[in-house]
Amino acid sequence: MSRRLFGFHPVREALRHRPHEVAEVLLAAGRGGHRAGEIESLCARHGVPVRRVAAAVLRELAAGGVDNGFAANLRGDAIAGAAAGSDPGLQVLVEDVQDPRNLGALLRVCEGAGVRKVWIRDRGSAPLSAVAVKAAAGASEWLSIERVTNSARAIADAKAAGFWVYGLAVGGQLPWETDLGGPLLICLGGEADGLRQLTRRSCDGLLGLPMRGRVGSLNVATAAAAVLYEAVRQRTARGSAPRAGTASRGDHPLAPGPD
(Lines give C-alpha, C1' and ligand atoms only; values in the text may rest on other atoms or scores of the structure.)
Protein backbone atom coordinates (compact mmCIF):
# COMPACT_ATOMS: atom_id res chain seq x y z
CA MET A 1 0.00 0.00 0.00
CA SER A 2 1.41 3.43 -0.93
CA ARG A 3 0.84 6.99 0.25
CA ARG A 4 0.98 10.08 -1.95
CA LEU A 5 2.18 13.67 -1.75
CA PHE A 6 0.92 16.41 -4.04
CA GLY A 7 2.45 19.76 -4.97
CA PHE A 8 5.92 21.03 -5.75
CA HIS A 9 7.09 21.86 -2.23
CA PRO A 10 5.98 18.62 -0.50
CA VAL A 11 7.53 16.52 -3.27
CA ARG A 12 10.76 18.53 -3.25
CA GLU A 13 11.14 18.30 0.55
CA ALA A 14 10.54 14.55 0.49
CA LEU A 15 13.25 14.16 -2.16
CA ARG A 16 15.62 16.39 -0.21
CA HIS A 17 15.19 14.87 3.23
CA ARG A 18 13.50 11.46 2.86
CA PRO A 19 14.40 10.18 -0.61
CA HIS A 20 14.35 6.61 0.65
CA GLU A 21 10.59 6.93 1.19
CA VAL A 22 9.86 8.10 -2.37
CA ALA A 23 9.03 5.18 -4.65
CA GLU A 24 8.12 7.24 -7.73
CA VAL A 25 7.51 10.84 -8.81
CA LEU A 26 4.70 11.76 -11.18
CA LEU A 27 4.96 14.88 -13.36
CA ALA A 28 2.23 16.32 -15.52
CA ALA A 29 2.90 15.80 -19.22
CA GLY A 30 4.25 19.00 -20.71
CA ARG A 31 5.20 20.39 -17.30
CA GLY A 32 8.52 22.16 -17.76
CA GLY A 33 10.40 25.05 -16.26
CA HIS A 34 12.76 25.47 -13.34
CA ARG A 35 10.62 23.56 -10.84
CA ALA A 36 10.24 20.50 -13.03
CA GLY A 37 13.98 20.58 -13.71
CA GLU A 38 14.77 20.73 -10.00
CA ILE A 39 12.51 17.76 -9.26
CA GLU A 40 13.99 15.73 -12.10
CA SER A 41 17.51 16.57 -10.90
CA LEU A 42 16.71 15.42 -7.35
CA CYS A 43 15.16 12.23 -8.69
CA ALA A 44 18.25 11.51 -10.80
CA ARG A 45 20.51 12.11 -7.81
CA HIS A 46 18.62 9.72 -5.54
CA GLY A 47 17.69 7.11 -8.13
CA VAL A 48 13.95 7.82 -7.93
CA PRO A 49 12.03 7.00 -11.13
CA VAL A 50 10.01 9.76 -12.82
CA ARG A 51 6.83 9.10 -14.79
CA ARG A 52 5.02 11.61 -16.99
CA VAL A 53 1.24 11.36 -16.83
CA ALA A 54 -1.66 13.41 -18.16
CA ALA A 55 -2.55 16.43 -16.03
CA ALA A 56 -6.07 15.02 -15.73
CA VAL A 57 -4.68 11.88 -14.09
CA LEU A 58 -2.96 13.95 -11.40
CA ARG A 59 -6.13 15.95 -10.78
CA GLU A 60 -8.05 12.72 -10.33
CA LEU A 61 -5.49 11.30 -7.93
CA ALA A 62 -5.48 14.54 -5.91
CA ALA A 63 -9.27 14.24 -5.52
CA GLY A 64 -9.85 17.97 -5.43
CA GLY A 65 -6.52 18.89 -3.85
CA VAL A 66 -3.93 21.13 -5.51
CA ASP A 67 -1.22 19.16 -7.29
CA ASN A 68 0.48 21.89 -9.40
CA GLY A 69 1.60 19.14 -11.77
CA PHE A 70 3.66 17.23 -9.15
CA ALA A 71 2.98 14.09 -7.11
CA ALA A 72 5.00 11.40 -5.40
CA ASN A 73 4.15 7.84 -4.45
CA LEU A 74 5.66 7.03 -1.04
CA ARG A 75 6.58 3.60 0.23
CA GLY A 76 3.89 2.60 2.68
CA ASP A 77 5.80 -0.04 4.65
CA ALA A 78 9.23 1.48 5.29
CA ILE A 79 8.51 3.33 8.54
CA ALA A 80 6.07 0.68 9.79
CA GLY A 81 8.69 -1.99 9.27
CA ALA A 82 11.29 0.00 11.15
CA ALA A 83 8.94 0.63 14.04
CA ALA A 84 7.98 -3.02 14.34
CA GLY A 85 11.38 -4.56 15.00
CA SER A 86 13.95 -1.87 15.73
CA ASP A 87 15.27 -0.25 18.89
CA PRO A 88 13.92 3.31 19.23
CA GLY A 89 16.88 4.28 21.40
CA LEU A 90 19.54 3.24 18.87
CA GLN A 91 20.25 5.67 16.03
CA VAL A 92 23.14 6.45 13.66
CA LEU A 93 24.40 9.65 12.04
CA VAL A 94 26.55 9.33 8.90
CA GLU A 95 28.60 12.03 7.19
CA ASP A 96 30.87 12.13 4.15
CA VAL A 97 30.51 8.46 3.12
CA GLN A 98 31.00 9.07 -0.58
CA ASP A 99 31.01 5.57 -2.06
CA PRO A 100 27.40 4.43 -2.57
CA ARG A 101 28.46 0.80 -2.07
CA ASN A 102 29.91 1.68 1.35
CA LEU A 103 26.72 3.56 2.21
CA GLY A 104 24.59 0.58 1.20
CA ALA A 105 26.73 -1.85 3.19
CA LEU A 106 26.49 0.45 6.22
CA LEU A 107 22.69 0.58 5.95
CA ARG A 108 22.63 -3.21 5.84
CA VAL A 109 24.59 -3.34 9.09
CA CYS A 110 22.32 -0.75 10.72
CA GLU A 111 19.16 -2.61 9.81
CA GLY A 112 20.62 -5.91 11.02
CA ALA A 113 21.53 -4.36 14.37
CA GLY A 114 18.02 -2.97 14.84
CA VAL A 115 18.86 0.71 14.40
CA ARG A 116 15.66 2.76 14.40
CA LYS A 117 16.84 5.72 12.33
CA VAL A 118 19.81 6.70 10.17
CA TRP A 119 20.59 10.39 9.66
CA ILE A 120 22.74 11.18 6.61
CA ARG A 121 24.49 14.54 6.26
CA ASP A 122 23.36 15.76 2.88
CA ARG A 123 26.41 17.64 1.65
CA GLY A 124 29.41 15.41 1.05
CA SER A 125 27.52 12.11 1.28
CA ALA A 126 26.58 9.68 -1.47
CA PRO A 127 22.93 9.71 -2.54
CA LEU A 128 20.70 6.77 -1.80
CA SER A 129 21.03 5.70 -5.43
CA ALA A 130 20.26 2.40 -7.11
CA VAL A 131 23.86 1.33 -6.44
CA ALA A 132 23.52 2.05 -2.71
CA VAL A 133 20.13 0.35 -2.52
CA LYS A 134 21.52 -2.76 -4.22
CA ALA A 135 24.48 -2.87 -1.82
CA ALA A 136 22.05 -2.59 1.09
CA ALA A 137 20.45 -5.86 -0.04
CA GLY A 138 16.95 -4.80 0.93
CA ALA A 139 17.87 -3.12 4.22
CA SER A 140 17.08 0.37 2.94
CA GLU A 141 13.42 -0.63 2.58
CA TRP A 142 13.11 -1.21 6.33
CA LEU A 143 15.10 1.66 7.78
CA SER A 144 13.90 5.13 8.60
CA ILE A 145 16.38 7.34 6.74
CA GLU A 146 16.53 11.12 6.74
CA ARG A 147 19.05 13.54 5.27
CA VAL A 148 20.15 16.52 7.37
CA THR A 149 22.08 19.66 6.44
CA ASN A 150 24.07 20.11 9.66
CA SER A 151 25.56 17.32 11.79
CA ALA A 152 26.20 19.53 14.83
CA ARG A 153 22.59 20.70 14.87
CA ALA A 154 21.32 17.13 14.55
CA ILE A 155 23.55 16.11 17.47
CA ALA A 156 22.28 19.01 19.58
CA ASP A 157 18.70 17.93 18.85
CA ALA A 158 19.54 14.34 19.82
CA LYS A 159 21.07 15.47 23.11
CA ALA A 160 18.00 17.59 23.83
CA ALA A 161 15.91 14.44 23.30
CA GLY A 162 17.98 12.58 25.91
CA PHE A 163 20.44 10.73 23.68
CA TRP A 164 24.09 10.19 24.49
CA VAL A 165 26.24 10.76 21.41
CA TYR A 166 29.45 8.90 20.56
CA GLY A 167 31.64 9.32 17.49
CA LEU A 168 33.77 6.56 16.00
CA ALA A 169 37.41 7.65 15.67
CA VAL A 170 40.92 6.29 15.98
CA GLY A 171 42.12 6.45 19.59
CA GLY A 172 38.65 6.47 21.16
CA GLN A 173 37.75 4.39 24.19
CA LEU A 174 36.86 0.76 23.65
CA PRO A 175 33.16 0.12 23.04
CA TRP A 176 33.10 -2.85 25.40
CA GLU A 177 34.47 -0.66 28.18
CA THR A 178 31.77 1.96 27.59
CA ASP A 179 28.14 2.00 28.72
CA LEU A 180 26.13 1.79 25.48
CA GLY A 181 22.71 1.33 27.08
CA GLY A 182 19.87 3.83 26.93
CA PRO A 183 19.21 6.35 24.15
CA LEU A 184 22.31 6.26 21.95
CA LEU A 185 23.40 8.03 18.75
CA ILE A 186 26.54 6.70 17.02
CA CYS A 187 28.27 9.09 14.57
CA LEU A 188 30.28 7.68 11.65
CA GLY A 189 32.59 9.55 9.29
CA GLY A 190 33.66 9.13 5.69
CA GLU A 191 36.28 7.06 3.95
CA ALA A 192 38.88 9.80 3.63
CA ASP A 193 38.99 11.83 6.84
CA GLY A 194 36.49 10.24 9.19
CA LEU A 195 34.36 12.56 11.30
CA ARG A 196 34.49 16.29 10.81
CA GLN A 197 36.19 18.21 13.61
CA LEU A 198 33.02 20.03 14.66
CA THR A 199 31.18 16.72 14.81
CA ARG A 200 33.91 15.24 17.01
CA ARG A 201 33.73 18.17 19.39
CA SER A 202 29.94 17.91 19.51
CA CYS A 203 30.00 14.28 20.65
CA ASP A 204 29.91 13.28 24.32
CA GLY A 205 32.82 10.92 23.69
CA LEU A 206 34.72 8.96 21.05
CA LEU A 207 34.84 5.21 20.52
CA GLY A 208 37.70 3.38 18.85
CA LEU A 209 38.58 -0.17 17.84
CA PRO A 210 41.99 -1.75 18.54
CA MET A 211 43.93 -2.34 15.34
CA ARG A 212 46.19 -5.31 16.08
CA GLY A 213 47.31 -5.93 12.51
CA ARG A 214 49.16 -3.78 10.01
CA VAL A 215 46.26 -1.85 8.48
CA GLY A 216 45.40 1.41 10.16
CA SER A 217 41.63 1.41 9.83
CA LEU A 218 38.55 -0.57 8.86
CA ASN A 219 35.85 -0.02 6.26
CA VAL A 220 33.10 2.16 7.74
CA ALA A 221 30.50 -0.62 7.56
CA THR A 222 32.84 -3.10 9.24
CA ALA A 223 33.71 -0.67 12.02
CA ALA A 224 30.05 0.20 12.48
CA ALA A 225 29.19 -3.49 12.78
CA ALA A 226 31.70 -3.98 15.62
CA VAL A 227 30.38 -1.00 17.59
CA LEU A 228 26.68 -1.51 16.95
CA TYR A 229 26.73 -5.19 17.84
CA GLU A 230 28.57 -4.42 21.05
CA ALA A 231 25.73 -2.02 21.81
CA VAL A 232 23.25 -4.79 20.94
CA ARG A 233 25.10 -7.21 23.25
CA GLN A 234 24.98 -4.79 26.18
CA ARG A 235 21.38 -3.78 25.58
CA THR A 236 20.25 -7.40 25.27
CA ALA A 237 22.14 -8.51 28.37
CA ARG A 238 20.72 -5.66 30.45
CA GLY A 239 17.31 -5.70 28.85
CA SER A 240 17.83 -2.05 27.91
CA ALA A 241 16.32 -2.21 24.42
CA PRO A 242 12.68 -2.16 25.63
CA ARG A 243 13.32 0.82 27.91
CA ALA A 244 15.45 2.72 25.37
CA GLY A 245 14.24 6.26 24.96
CA THR A 246 13.17 6.59 28.59
CA ALA A 247 16.46 6.93 30.47
CA SER A 248 17.76 10.44 31.00
CA ARG A 249 21.23 11.65 30.11
CA GLY A 250 21.87 11.99 33.82
CA ASP A 251 21.30 8.25 34.24
CA HIS A 252 23.86 7.35 31.57
CA PRO A 253 27.38 8.31 32.70
CA LEU A 254 30.23 8.68 30.25
CA ALA A 255 32.44 6.58 32.49
CA PRO A 256 32.94 2.96 31.41
CA GLY A 257 30.10 0.68 32.43
CA PRO A 258 30.37 -2.41 34.62
CA ASP A 259 31.91 -5.57 33.22
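The model is predicted, so local features require pLDDT of at least 70 and side-chain atom pairs pLDDT 80 or more, while totals for chains, interfaces and linings use all residues. Residues are numbered from 1 along each chain as its sequence is written, and side-chain values use heavy atoms, with hydrogens and water left out.

**Whole chain.** Begin with the cartoon view, which shows 9 helices and 10 strands; helices (H or I, at least four residues) and strands (E, at least two) are DSSP runs numbered from the N terminus. Of the 259 residues, 48% are buried, where buried means under 20% relative accessible area, exposed means over 50%, and partly exposed lies in between (1.4 Å probe, protein chains only). Among contacts (heavy atoms within 4.5 Å) between residues at least 6 apart in sequence, 82% join residues at least 24 apart. Switch to the surface: the accessible area is about 12,100 Å², and carbon and sulfur atoms account for 53% of it. Accessible areas come from the Shrake-Rupley method with a 1.4 Å probe; for residues, only the protein chains shown count as cover.

The structure contains 15 salt bridges, each defined as a side-chain nitrogen of Lys or Arg within 4 Å of a carboxyl oxygen of Asp or Glu. Select R16 and E13, whose side chains form one of them at 3.2 Å, N to O. R16 and E13 lie 3 residues apart in helix 1 (residues 8-17), and are therefore separated by about one helical turn. R16 is partly exposed at 31% relative accessibility, and E13 is partly exposed at 28%.

**Helix 9 and strand 5.** Next, select R235 and D87, which form a salt bridge at 2.7 Å, N to O. This pair joins distant parts of the chain, with R235 in helix 9 and D87 in strand 5 (residues 87-94), 148 residues apart. R235 is buried at 2% relative accessibility, and D87 is buried at 8%.

**R101 and D99.** R101 is exposed, with a relative accessible area of 51%, whereas D99 is partly exposed at 23%.

**Surface patch.** Finally, select M211, V215 and L218, which form a nonpolar surface patch with about 240 Å² of accessible area together. Patches consist of residues with over 30% relative accessible area and no salt bridge; like charges are joined within 9 Å, and nonpolar side chains (Val, Leu, Ile, Met, Phe, Trp, Tyr) within 5 Å. L218 sits in the loop between strand 10 (205-207) and helix 9 (220-238), and is partly exposed at 39% relative accessible area.
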